[in-house]
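Open the model in your viewer and keep the selection panel at hand.

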2 protein chains.
Amino acid sequence: MATGEFDLIAKLAPFLSGGGDGVLVGHGDDAAVVSVGDRAVCLCVDVVVEDVHFRRDLSALDDVGWKAVAANVSDIAAMGATPSVAVVGLCRPASLDDAGVERLYAGMAQACERWGLRLVGGDTVAAEALALSVTVMGDVDPDRVVRRSGARPGDRLLLVGTLGAGAAALAQVRARLEPDPRHLAAHRRPVALLAAGRVLGEGGATALIDVSDGLGADLGHVCAASAVQARVDWTALPIAEGVLAAAEQLGVDPVSLVCGGGEDYALLAAAPPGIAEELARAAGAAEGVPAAVVGEVLPEEPDGGAPQVTLRMPDGSTRDLTALGYDHFRGAEGP
Amino acid sequence: MATGEFDLIAKLAPFLSGGGDGVLVGHGDDAAVVSVGDRAVCLCVDVVVEDVHFRRDLSALDDVGWKAVAANVSDIAAMGATPSVAVVGLCRPASLDDAGVERLYAGMAQACERWGLRLVGGDTVAAEALALSVTVMGDVDPDRVVRRSGARPGDRLLLVGTLGAGAAALAQVRARLEPDPRHLAAHRRPVALLAAGRVLGEGGATALIDVSDGLGADLGHVCAASAVQARVDWTALPIAEGVLAAAEQLGVDPVSLVCGGGEDYALLAAAPPGIAEELARAAGAAEGVPAAVVGEVLPEEPDGGAPQVTLRMPDGSTRDLTALGYDHFRGAEGP
């Protein structure tokens, strides 16, 4: 998260709806939720910019289209919702020929087919740099919306999916090393855990977020919204295969790579202790991905002295996860 | 419209939903329409890019925010719908400081307040160039959606609002002349004719579009979607005050400025002859803007020899309006 981002978000809050009068969830969650008759829809937007979020030497244009849709589907999944349609705003530079636009659209269409939504419109404009802004709408039962703000002390923390693959790929590319093909695939074609989101929402998760800025940052968002603190166990985390080996090869801190890297598109949930284990198992099984109970929600320290998110290491020492920023091409994000 | 745009749209069609299975209106209209329970929502997106759609020496950042929302509200109005919420994707260059982001948001919030919608979320990312992608959702009665494709031979054409002001401002700026302040205001803070759209939709308009690419291009869209041709009378057109004087000062063809300039945000409708005059009067009165019956819908010529959109001049001569491209900062648009 960029320095000063919280200041800016606070300054922009007066211009944004926090809820009320048909807005069930306003700004500040993975997606907004708006009532429509006796139903509700989710709405979220994600922008990807060339050389900030992707590089054409690492990702084909259909990968870029796929990823822009997948990132939004992941946000929709993190509300316990189901995506229905998408619209796309495309900033088209002279370097993007018609065949390139087609490949972008082909990738978006592949992701839409994968997750059952449809691309219903867009606006393409001339620009200096390639940027793709995808908005996805989803259906959600208004009584089953899962927000970031519902985590309660005593809840367990569940993680569905694995951490570190995308970050490892980028770190290896930057170090001019050959990235692990599995990690590069995770960077190019991330998988949104839509079925897991539904299982978590219907199964009684109290809070839900997708891990796109890194576990430390995103668990921090849940803690801030829920007014709680949290502790995570390093040994419990489902780390993507090869990530620890990559950290060693690179000589970088494995915790930073796993918890601060971002672009994981895992789902992080809170749930009461009585159902947490079974819920993690069911959510992982729905996607065929690892899932585990990884920590616990703690009461907020009234004096604010303790770190909001603590990582407990095998030797009993602890680290402050809040301090880990994400580390990928992205330079700023919000509100 | 950029050369080859129709080719590209045809190539992208396989990736886009044309309708069916809950999509009441797919790509190719002012907005998509999707059923939600027994209601329906509209969805549209508009991207504005610095030095393509606006220049910071002509528009303040709050003007840019206003315009990005207004352009979408105009699209929603052109479906006979009512906007409810907006989300924004912001490409933020280093040249845009926090105060600049605040001004952009303030302008979006002013437009949202004006037309009764709320800004519920967004994504801000680092980028080389300033671009703003606004998506607006609207409510619409599924039985009252007005499409581009419903114009029938014999219908009259109605125009609500005035033509030429935005184009005149840009032409004068380009010629290094002082623009008419009324025209500059129309460029900076266009007004979406939301109330007129509702009057036209509820009053029996058979087709509706907002004039954002110029009357020639947008009437061409209606004719293509409705498989009809059209004739417009020059003397009937509601031209913004001062535009003909500006054309004379500039030494440019007034027809190009009025019918090919774009950025008018007027509404163009078709309606049966028995109700057209009264509908134009009511729609204009709803906004306090000029409105008139300006022409007629004609059967499609089977051999395709005649121009699709003809402008009849006072001396009885005719001009082919289809041939007029729009002419502003914008370089390409679609699909």
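Begin by selecting the interface of chain B and chain A, across which the rule finds zero salt bridges (a salt bridge is a side-chain nitrogen of Lys or Arg within 4 Å of a carboxyl oxygen of Asp or Glu). This is a predicted model, in which local features need pLDDT of at least 70 and side-chain atom pairs count only at pLDDT 80 or more, while totals for chains, interfaces and linings use all residues. Residues are numbered from 1 along each chain as its sequence is written, chains are lettered from A and ligands numbered from 1 in the order in which they are written, and side-chain values use heavy atoms, with hydrogens and water left out.

Next, select the residues of chain B that touch chain A: 56 residues of chain B are in contact with 56 residues of chain A, where contact means heavy atoms within 4.5 Å. By class, this side of chain B has 32 nonpolar, 14 polar and 10 charged residues (Ala, Val, Leu, Ile, Met, Phe, Trp, Tyr, Cys and Pro count as nonpolar, Asp, Glu, Lys and Arg as charged, and the others, Gly among them, as polar).

Finally, move to helix α4 (residues 165-174) and helix α5 (residues 181-188) of chain B; helices are DSSP runs of H or I with at least four residues, numbered from the N terminus. Their axes come within 7 Å and cross at roughly 110 degrees, the axes being lines fitted to C-alpha atoms over the stretch in contact, with angles running from 0 to 180 degrees between N-to-C directions. α4(B) and α5(B) are therefore roughly perpendicular to each other, a term that covers 65 to 115 degrees. Among the residues that make this contact, select Leu170(B) of α4(B) and Leu184(B) of α5(B). By class, the contact of α4(B) with α5(B) has six nonpolar, four polar and no charged residues.

Key. Helix = DSSP H or I, 4+ residues; strand = E, 2+ residues; numbered from the N terminus. Parallel < 35°, antiparallel > 145°, perpendicular 65-115°, else oblique.
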